[in-house]
Amino acid sequence: MGTKGFITGTGMYLPEKIVTNFDLEKIVDTSDEWITQRTGIKERRISRDDEPTSELAYKAGMKAIEDAGLTPDEIDMIIVGTFTPDMLFPSCACIVAKKMGLEGIPALDLEAACSGFVYSLTIASQFIENGVFENILVIGADETSKTVDWSDRTVCVLFGDGAGAFVLSSKGTKNEIKGFGMGSRGSGHDCIVIPAGGSRIPATQKAIDEKLHFLTMKGKDVYRFAINIVSHTIKQAFNESNMEVSDLKYIIPHQANIRIIKSAAKKMGLNEDNITINLDKYGNTVAATIPIGFHEFINDGKSNSGEIAALVGFGGGLSWCTILVEL
Ligand code: UT7
């Protein structure tokens, strides 16, 4: 068995349009004060009608490939973590491959909602560790704005659109994956859900009239789950990798709520400066939060080589996953 993979390139892409909390005050009964205090979000990016998820994914992916010093033809496989593909099928990854001019390589989507990117990275890591592939493009991209009811204040204020990407390679000098821990709890599958549009409730006029095609969330239940799962999954990753949790230096968490992030820092005994926060700027970009967070984190240059960072995803499924990276 070889390395689990080196993150040799990172990239991100956000739609241009910024929607602030004050903008939302004009369309739903909410306030900047409520959103800021309860979530930490100040603004988010919203994609254009003619800008599907594959477009954000393609742009973030190209930046990661360039950052790795590669060209698209050196990519052996594409995995896209997303719950908002352009359409139910084909996969977003196949559309990204087409945009990159790549024919013949495997391309697939992985649907694990907010854990989608970290789940995808663990799958990519298997192909690197087994020596099958040398460079895999892993993307997390979502356009939740196109799944929410813009008159439902309990949901529409929370999310934003965006994409982030890594190139995971068999050779590198830093940012090496050392291990991971992951899991799911299907008993909570109805906590965050888009009920219609699949095989249980097909897309019909009745389903639309009943608003079943919109994302709904049992916010309090998910909050309770999230508060407990973050420290659990970090410890799980350290245990399963035979590493010492006392070596944890940074957390790059999923960006759902500032209160969940601060609680995680406290539980793990970390200073808040050692935990990335960007949901004030982008909201919850679902599968994109972690690659965007890691991209910004390593580019701000405050970390040192050899330190351990935990990339922590949690959300719909319910699902969770932590990946440990030696910087
Ligand atoms: O990424 C996937 C994982 N997702 C998460 O981890 C999200 C986890 N959950 C949360 O972050 C929080 O539960 C929320 C931010 C979604 C909600 O915060 P909360 O503190 O749990 O608020 P709440 O749902 O208990 O609502 C409190 C009050 C309610 O009013 P009443 O019943 O007390 O009169 C809501 O109707 O706030 C009201 N409310 C709002 N008020 C103004 C709900 N949404 C809004 C809003 N603006 N946007």
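I began with helix 11, which spans residues 289-299, and found F294 and F297 both within it, 3 residues apart, or about one turn of the helix. I noted at this point that the model is a predicted one.

I then looked up how these two rings sit, and a search of the whole structure gave 6 aromatic pairs. F294 and F297 form a tilted aromatic pair, with 6.2 Å from centre to centre and 45° between the planes.

Next I turned to S231, which I located in helix 8, residues 219-240. I recorded S231 as buried because its relative accessible area is 9%, which falls under the 20% cut-off. When I left aside the neighbours within four places in sequence, I found S231 in contact with K267 and M268.

My last entry is on the domains, for which I wrote down domain 1 as 6-173 and domain 2 as 178-326. Their centres, taken over C-alpha atoms, are separated by 14 Å, and 48 residues of domain 1 are in contact with 43 residues of domain 2. I noted that the two domains bury about 3500 Å² between them, with 68% of it on carbon and sulfur atoms.

For the polar side of this interface, I found 16 residue pairs in polar contact between domain 1 and domain 2. I then asked which element gives the most to the side of domain 1 that touches domain 2, and I found that helix 5 does, with 8 residues.

Conventions:
Residues numbered from 1 in each chain as written. Predicted model: local features only at pLDDT ≥ 70, side-chain atom pairs only at ≥ 80, totals over all residues. Heavy atoms only, no water. Phe/Tyr/Trp six-rings, centres within 6.5 Å; stacked < 30°, edge-to-face > 60°. Helix = DSSP H or I, 4+ residues; strand = E, 2+ residues; numbered from the N terminus. Buried < 20%, exposed > 50% of the residue type's maximum accessible area, 1.4 Å probe, protein only. Contact = heavy atoms within 4.5 Å. Domains from an automatic or database assignment. Buried area = accessible area lost by both parts, 1.4 Å probe. Polar contact = N/O pair within 3.5 Å; in protein donor to acceptor, adjacent residues only side chain to side chain.
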